[in-house]
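This briefing describes a predicted model.

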Amino acid sequence: MQSLNERVFIAGHRGMVGSAVVRRLKAAGCTQLILAERSELDLCRQEQVEAFFQRSRPETVIFAAARVGGILANASQPAPFLYENLVMAAHAVHAAWMSGVKRFLYLGSSCIYPRDAPQPIPESALLTGPLERTNEAYAIAKIAGLKLCQFYRQQYGVTYHSVMPTNLYGPGDNYHPDHSHVLPGLIRRFHEAQAAGKDSVTIWGTGTPRREFLHVDDLAAAIEHLLSLDDPPDVVNAGSGHEVTIRELAEIVAEVVGFTGEIRTDPDRPDGVARKLTDSTWLRSAGWSPRIGLREGIAMAYEDFRARLAGDRLRTV
Ligand code: GDP
């Protein structure tokens with residue numbers, strides 16, 4: 001942000017990313033955050049989006065609204081993953097431009113990159129090969145969103161740009177037993193196995209795929225930093241630079257939860273892409289670096305999980 005008094009609209013403020021951004025900007029002293037509940041603004045309805053932008057007149061937009069989910073949700077519901085993510089981005093970018101928004105930061109995902117991209121994946125790998133099948137619908141929507149930003153910037157001179165985070169986790173994650181991403185899925189499964197005194201836990205797939213994880217508070221810092229830059233690139237990666245196999249991840253979760261039984265794999269479940277390590281050289285050279293290590297971050301996420309479970313506030317969408 002150029003100033004703490006700017007009117008900043010955070011789309012998707014109830015989600016894990018949006019709520020982390022709200023925490024970060026409030027702590028930084030931002031005074032004019034614009035937030036909208038879904039009951040007052042459905043981003044899939046164009047007329048509502050246009051009326052909202054005309055009425056609330058944001059100067060900066062952080063677009064963290066999305067239908068998100070893990071490998072099973074993505075693969076089994078490709079229609080809403082493509083449709084909702086596509087129209088939400090199209091409505092928001094166009095309404096922002098029509099109402100005079102000068103700055104728009106769009107949240108994408110590292111799954112936009114080709115399945116066989118070089119590792120670590122540089123931003124230049126975009127659209128150089130076929131996508132991973134299990135999340136193709138989400139990736140196509142996110143590619144369309146980042147291209148909207150790029151082309152509105154190119155044609156109209158507005159600073160609309162995108163950040164591509166790696167696999168995220170942290171407070172407020174989705175703990176649905178089947179539709180969540182791997183880390184919240186494992187936190188829940190190991191917690192329940194531990195509580196029930198089970199002697200084994202089964203993880204999906206072979207356990208050999210590698211994933212890079214970034215705590216959502218580190219992403220919120222990256223977002224704040226990117227918005228302070230005058231002329232950022234169209235697309236910037238944000239990752240921790242550290243990858244683990246799914247089995248190693250399960251071992252860390254087991255240790256944090258205190259589960260000492262056996263960890264089994266289920267090769268009949270899909271593995272997804274083999275590796276997805278982002279190259280965040282640009283963002284690091286611009287002055288950002290992640291602060292929260294994986295084990296420490298998982299311990300924090302587990303605390304949040306337990307507090308929400310105890311308060312009946314666990315998100316399971
Ligand atoms: P992806 O990064 O887009 O593939 O999405 P996920 O976070 O859903 O899955 C990452 C990897 O973790 C895949 O190889 C999954 O098969 C594996 N995995 C292992 N156990 C689980 C689980 O309980 N839930 C999920 N979502 N993935 C799991």
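A polar side-chain atom of arginine 211 lies 2.8 Å from an oxygen atom of the ligand; a polar contact is a pair of N or O atoms within 3.5 Å, and within protein one must be able to donate a hydrogen and the other to accept it, while residues adjacent in sequence count only if both atoms are side-chain atoms. The protein covers 97% of the 540 Å² of accessible area that the ligand has on its own (Shrake-Rupley method with a 1.4 Å probe; for residues, only the protein chains shown count as cover).

Because this is a predicted model, local features need pLDDT of at least 70 and side-chain atom pairs count only at pLDDT 80 or more, whereas totals for chains, interfaces and linings use all residues. Residues are numbered from 1 along each chain as its sequence is written, and side-chain values use heavy atoms, with hydrogens and water left out.

**Ligand site**

**Nonpolar cores**

- The largest nonpolar core has 44 residues, and those with the most contacts inside it are Phe9, Leu43, Phe53, Phe63, Phe104, Tyr113 and Tyr160. Such a core is a set of buried Ala, Val, Leu, Ile, Met, Phe, Trp, Tyr and Cys residues joined through side-chain atoms within 4.5 Å.
- Two or more residues of this core come from each of strand S1 (7–11), helix H2 (46–56), strand S3 (60–63), helix H4 (78–98), strand S4 (103–107), helix H5 (136–156) and strand S5 (159–165).
- H4 gives the most to this core, with eight residues.
- Another core, of 30 residues, lies apart from it and includes Val8, Ala20, Val216 and Leu229.
- Phenylalanine 9 touches Ile34, Ala36, Leu41, Phe52, Phe53, Pro58, Thr60, Val61 and Ile62, not counting residues up to four places away in sequence; contact means heavy atoms within 4.5 Å.

**Selected residues**

- Histidine 161 is found in strand S5 and counts as buried, at 1% relative accessibility (buried means under 20% relative accessible area, exposed over 50%, and partly exposed in between, with a 1.4 Å probe and protein chains only).
- Beyond its neighbours within four places in sequence, histidine 161 is in contact with several residues, including Arg103, Phe104, Cys149, Leu226 and Asp234.
- Glycine 18 belongs to helix H1 and is buried, with 0% relative accessibility.
- Leaving aside neighbours within four places in sequence, glycine 18 is in contact with Ile10, Gly12, His13 and Ala64.
- Glycine 18 and leucine 107 are 89 residues apart in sequence, and their C-alpha atoms are 10.0 Å apart in space.
- Alanine 28 is in helix H1 (residues 16–28) and is partly exposed, with a relative accessible area of 30%.
- Leaving aside neighbours within four places in sequence, alanine 28 is in contact with Leu4 and Glu224.

- Most residues other than glycine have a negative phi, and most peptide bonds are trans.
- The peptide bond from glutamine 119 to proline 120 is cis, with omega near -10°; proline 120 is found in the loop between S4 and H5.
- Arginine 57, in the loop between H2 and S3, has a positive phi of about 50° although it is not a glycine. Arginine 57 is partly exposed, with a relative accessible area of 40%.
- Aspartate 312, in the segment after helix H10 (294–310), has a positive phi of about 55° although it is not a glycine. Aspartate 312 is exposed, with a relative accessible area of 72%.

Note on methods: Helix = DSSP H or I, 4+ residues; strand = E, 2+ residues; numbered from the N terminus.
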